[in-house]
Amino acid sequence: MIIHLDKAITREQRAALQLLLKTEGVSFGELKPSDGGTILARSRPGLNVQPIADLPGVAGVEPDKTNFKLVGRGEHPDDTIVKIGPVAIGGERLAVIAGPCAIESREQAFTIAREVRRYGAVIFRAGAFKPRSSPYSFQGMGEDGLRILADVREEFGLPVVSEITSPAYADLMVKYVDMLQIGARNMQNFELLKCVGRLGMPVMLKRGLAATIEEWLMSAEYIMAEGNDQIVICERGIRTYEPYTRNTLDLSAIPIMKNLTHLPIIIDPSHATGIREKVAPMARAAIAAGADGLMIEVHHDPGRAMSDGPQALFPKQFGRLMRDLYVIAPVVDKQVDFGYLEKAALVTPAAGAGGAETPRAAFQGEVGVSDHKAILQYFGDEVAPAPLRTYRAVFDAVRDGEADYGMIPLERATSGSVHENYDLLLDHDLRIVGEITLRIELTLATRPEVEPDAVRRVVSSPTVFHHCDQFLQSHPDWERVYAEDAATAAALVERKEGGADAALTTPEAAALHGLALRERNVETDPRNYTRFVVIAKTPRSHGPRRKSSLIYRTADRPGALFETLKVFTENDVNLVKLESRPVSGRPWEYMFYVDIEADAESVEFASILKAIAEHTDYLKVLGAY
Ligand code: PEP
Ligand code: MN
């Protein structure tokens with residue numbers, strides 16, 4: 001709904017409105033301190049807007065249009081996560097779907113599946129029934145093609161998606177694929193929409209060639225009205241007057257859809273542009289704009305592809321794009337996970353030995369801290385997060401088998417290594433089995449009734465105060481109250497304990513504790529990244545191992561460190577970190593912490609380790625991941 005404010009609204013009236021919206025469970029955009037204006041708010045089902053309209057200072061309320069009751073945010077404020085086998089679309093991790101336009105042969109499908117899987121795709125796509133503009137073009141392999149798709153899933157563990165072009169094929173499709181695609185040309189084939197709605201399987205609904213956003217959502221509504229909410233919407237370009245590209249990619253559909261619907265949205269830059277060179281830039285832009293995933297056409301021999309060759313990426317180009325996305329994703333609070341499918345197999349309870357319980361992942365702090373978020377982004381929601389008070393407790397829990405994994409910060413972009421954890425790694429015989437980088441956003445939050453101007457005392461952890469020093473300098477009169485971590489700070493403010501009026505905390509912790517966000521992104525450096533690692537008792541058994549961490553102490557003779565580094569150079573091993581730490585109790589002796597881009601636990605690496613060991617009197621491989 002849209003709430004129109006009086007020009008002369010007072011601060012008290014604004015506070016009262018805010019409080020009412022909060023208590024009614026209505027989420028809304030930030031209230032600007034300037035007088036007047038409008039507020040966009042997400043109403044909830046059955047909400048009576050009259051008390052809001054009656055408040056002094058409110059000029060009027062425009063209720064939501066409810067054309068799309070089921071797919072709209074109004075009835076369903078939380079994001080829907082669509083599960084396709086082990087893959088979640090709409091969660092913390094990006095889902096990249098890749099494959100050829102059409103299945104052409106078993107060999108073609110297997111070759112491409114192997115490549116896209118290797119580079120990080122989590123779902124395989126290929127058409128078996130192709131809706132072509134010309135009846136004389138290749139129409140797809142039909143059921144033979146579907147059989148090959150099912151074999152791809154079997155061989156590579158990739159869920160598969162393929163287009164359904166008619167309700168007549170429903171039984172056939174259900175037998176072979178994990179997700180049904182509704183193509184652009186069929187977006188308003190209402191019988192087909194009702195049919196996939198009744199099938200209850202995950203559906204990818206592409207935007208029609210000339211469909212408005214509302215028409216597109218109404219088509220989703222058809223599917224959901226049959227009781228199926230497992231819908232992913234896919235923007236694939238719309239028909240405009242512009243001939244330089246096959247279609248015109250409407251990237252603004254991403255933020256618009258994020259606002260209007262709870263369904264996840266992915267982008268298909270292949271059909272949108274129709275031109276190989278334009279696919280990667282649009283894919284990067286889509287992720288930066290907040291898309292939940294991508295669908296990309298890839299072919300090992302596009303020159304001979306039977307359809308859409310000119311827009312297909314070569315596998316290596318796809319690999320490069322995935323590496324770029326890996327870097328871009330944390331900026332927008334998402335992750336590319338190169339070990340996604342392997343990890344899923346690891347954490348699915350049914351897949352564990354004897355149907356073991358849900359694995360536990362320990363972290364320091366309270367629910368809502370960045371460490372907790374790192375767990376959600378690394379594992380999805382298929383592990384049970386276990387909050388503990390100290391880092392040592394996290395290490396001990398993993399060592400003693402009380403937790404299967406631990407998530408610990410090792411390096412902060414703004415303040416360097418977390419030495420405590422490096423020391424604990426030395427103390428405990430645990431392995432690093434994974435890493436994840438998170439951008440840490442910090443916010444000033446208060447109880448809803450406390451006005452920002454009234455803040456006198458602010459609570460947070462020493463690390464967070466350090467990250468926000470510039471913001472705090474502009475409030476020299478604020479007294480600081482110390483808490484163990486950012487989420488505890490939010491909890492204290494919520495319970496009015498410790499006397500602080502505001503917390504410096506993460507947006508997640510603030511939301512969890514019902515606090516209002518007063519000032520966002522108060523961290524001094526927008527590149528406020530923290531690198532976390534996952535620790536476990538046994539070496540990594542899931543996904544590729546591209547990187548390793550080692551610790552060693554060199555023998556006490558001239559050039560010893562240089563000799564170890566020479567081994568890396570001679571073997572073409574890229575060093576990505578080298579740091580020294582004093583050895584406790586042995587003044588002027590140093591331990592070296594080294595990260596390399598290689599699998600130090602592989603058989604091939606054994607001889608390199610041996611060569612390094614010759615120049616060290618202590619050497620430990622912390623893990624390969
Ligand atoms: C496809 O994905 O291969 C396809 C035919 O897409 P669209 O329906 O978007 O044209
Ligand atoms: Mn195609």
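Which residues coordinate the manganese ion (ligand 2)? In this predicted model, the ion is held by Cys 101 through SG, His 271 through NE2, Glu 297 through OE and Asp 308 through OD, at 2.0 to 2.4 Å. If you follow these donors along the sequence, their spacing reads C-x169-H-x25-E-x10-D. Cys 101 sits in the loop between strand S7 (95-99) and helix H3 (106-118), while Asp 308 belongs to the loop between strand S14 (293-297) and helix H11 (315-328), so this pair ties together parts that are 207 residues apart in sequence. Are these two residues buried or exposed? Cys 101 has a relative accessibility of 6% and counts as buried. Asp 308 is buried as well, with a relative accessible area of 17%.

Let us step back to the whole chain. It contains 21 helices and 29 strands. Its radius of gyration is 27 Å, close to the 25 Å that the globule rule gives for 625 residues, so the chain is as compact as a globular protein of that length. Along the principal axes, the C-alpha atoms fill a box of roughly 80 × 70 × 50 Å. Of the 625 residues, 53% count as buried. Looking at contacts with a separation of 6 or more, 72% are made by residues 24 or more positions apart.

What lies inside? The largest nonpolar core has 92 residues, and those with the most contacts inside it are Ile 89, Phe 124, Val 177, Leu 205, Trp 216, Ile 296 and Phe 318. Another core, of 46 residues, lies apart from it and includes Leu 438, Val 481, Ala 483 and Val 534.

Leu 205, named in the largest core, leads us to strand S11 (residues 203-206), where Val 203 and Leu 205 point one way and Met 204 and Lys 206 the other. Strand S10 (residues 179-182) runs parallel to S11 and is joined to it by three bridges, with Ile 182 standing opposite Leu 205.

On which strands does S23 pair in the antiparallel and the parallel sense? Strand S20 (residues 443-446) runs antiparallel to S23, with four bridges between them, and Thr 443 stands opposite Thr 505. Strand S21 (residues 457-460) pairs with S23 in the parallel sense over two bridges, and here Val 458 faces Ala 502.

Our last stop is an open sheet of four strands, in the order S27-S28-S26-S29, with antiparallel pairing. Strand S27 (575-583) and strand S29 (616-624) stand at the edges with a single partner strand each, so one side of each is left without a neighbour in the sheet. On average, neighbouring strands of this sheet are turned by 20° against each other, direction ignored. Strand S26 (residues 548-554) and strand S28 (residues 586-596) are joined by five bridges, and Ser 549 stands opposite Asp 595 in S28. Helix H21 (residues 606-613) packs on this sheet, touching S26 and S29, and its direction makes about 150° with that of S29.

Conventions: Residues are numbered from 1 along each chain as its sequence is written. Chains are lettered from A and ligands numbered from 1 in the order in which they are written. This is a predicted model: local features need pLDDT of at least 70, side-chain atom pairs count only at pLDDT 80 or more; totals for chains, interfaces and linings use all residues. Side-chain values use heavy atoms; hydrogens and water are left out. Donors are N, O and S atoms within 2.8 Å of the metal (3.2 Å for Na, K and Ca); water is not among the atoms, so sites may look incomplete. Buried means under 20% relative accessible area, exposed over 50%, partly exposed in between (1.4 Å probe, protein chains only). Two strands pair if DSSP finds at least two bridges between them. Axes are lines fitted to C-alpha atoms, for helices over the stretch in contact, and angles run from 0 to 180 degrees between N-to-C directions. Contact means heavy atoms within 4.5 Å. A nonpolar core is a set of buried Ala, Val, Leu, Ile, Met, Phe, Trp, Tyr and Cys residues joined through side-chain atoms within 4.5 Å. The radius of gyration is taken over C-alpha atoms; the globule rule is 2.2 Å times the number of residues to the power 0.38.
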